[in-house]
Amino acid sequence: MKLWVLRHGEAEPRANTDAERRLTGHGREQVLHSAARLLGQPLQAIIASPYVRAQQTAALVHDTLGFREPVRTVPWLTPESDVQQVIGEIERLGLEHVLLVSHQPLVGNLIGALEHGHQQQPAAMSTASLAELEGEWPLAGLMTLRAISPPV
C-alpha cells in the first residue's frame, strides 16, 4: 500500500471558526507545487477533512491531476481526530493508493504512528507538505516513510 498525506496549504489566520479558514493565495500556490509531485501516481481516492482549507486543497489536487473520482469528505480527518481511529478507517478502505488531506497535529501524529508504532515522534509537516508512506498494511509501526516533501 502507498499512502500520501498532504497537509493543507497556508490558510487565513482567522475566520468565524477554525473549520471556516480559507486558503490564502500563497497557500493555493503551495498546494499546486505539492500536487505536481502526485502526477503519474496511481491514486484510487482523495480523502479530505470537511474543513474549508482541506476541501480547497483537495479540490486543487483533484483538478491538477484530472482525477475522475470525486473527493471523499470524511469526519475522521479533522485536526484533533484520534490517530488509531484514522488508521482503522484507512484499513477499512481496502485501497492500495490513497491521498489523505488533513491538518496538524493529526498529520504529524499519524505519520509518526504509522512509521514508529507510537505518537512520541510526530513528523514535522509544514503547510502543503506531502508525505509518502509505503507498507503491506496501514498499521501502526508497519509503514515506511519514503519522503516528506515541502511544497517548494
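Is Asn109 buried or exposed? Asn109 is buried, because its relative accessible area is 18%, and buried here means under 20% relative accessible area, with exposed being over 50% and partly exposed in between (1.4 Å probe, protein chains only). Before we go further, keep in mind that this is a predicted model, in which local features need pLDDT of at least 70 and side-chain atom pairs count only at pLDDT 80 or more, while totals for chains, interfaces and linings use all residues. Residues are numbered from 1 along each chain as its sequence is written, and side-chain values use heavy atoms, leaving out hydrogens and water.

Let's stay with Asn109 for a moment. Asn109 sits in helix α4 (residues 106-116). Setting aside neighbours within four places in sequence, Asn109 is in contact with Val83, Gln119 and Pro122, where contact means heavy atoms within 4.5 Å.

Now step back to the whole chain. The secondary structure comes to four helices and six strands, and from the N terminus on the order is β-α-β-α-β-α-β-α-β-β. Helices (H or I, at least four residues) and strands (E, at least two) are DSSP runs, numbered from the N terminus. With 152 residues, a compact globule would have a radius of gyration near 15 Å, and the chain agrees with its 14 Å; this radius is taken over C-alpha atoms, and the globule rule is 2.2 Å times the number of residues to the power 0.38. The C-alpha atoms fill a box of roughly 35 × 30 × 25 Å along the principal axes. Of the 152 residues, 49% count as buried. Among contacts with a separation of 6 or more, 67% come from residues 24 or more positions apart.

The 14 residues of α2 reach 20 Å from first C-alpha to last, close to the expected 20 Å at 1.5 Å a residue; the expected span is 1.5 Å times one less than the number of residues. Buried residues of α2 are Arg53, Ala54, Gln56, Thr57, Ala58, Val61 and His62. Their cover includes β1 (2-7), α1 (25-36), β2 (45-48) and β4 (97-102). After α2 comes Gly66, with a positive phi near 65 degrees.

Finally, look at Ala36, which lies in helix α1. Ala36 is partly exposed, because its relative accessible area is 41%. The C-alpha atoms of Ala36 and Thr64 are separated by 7.4 Å, although these residues are 28 apart along the chain.
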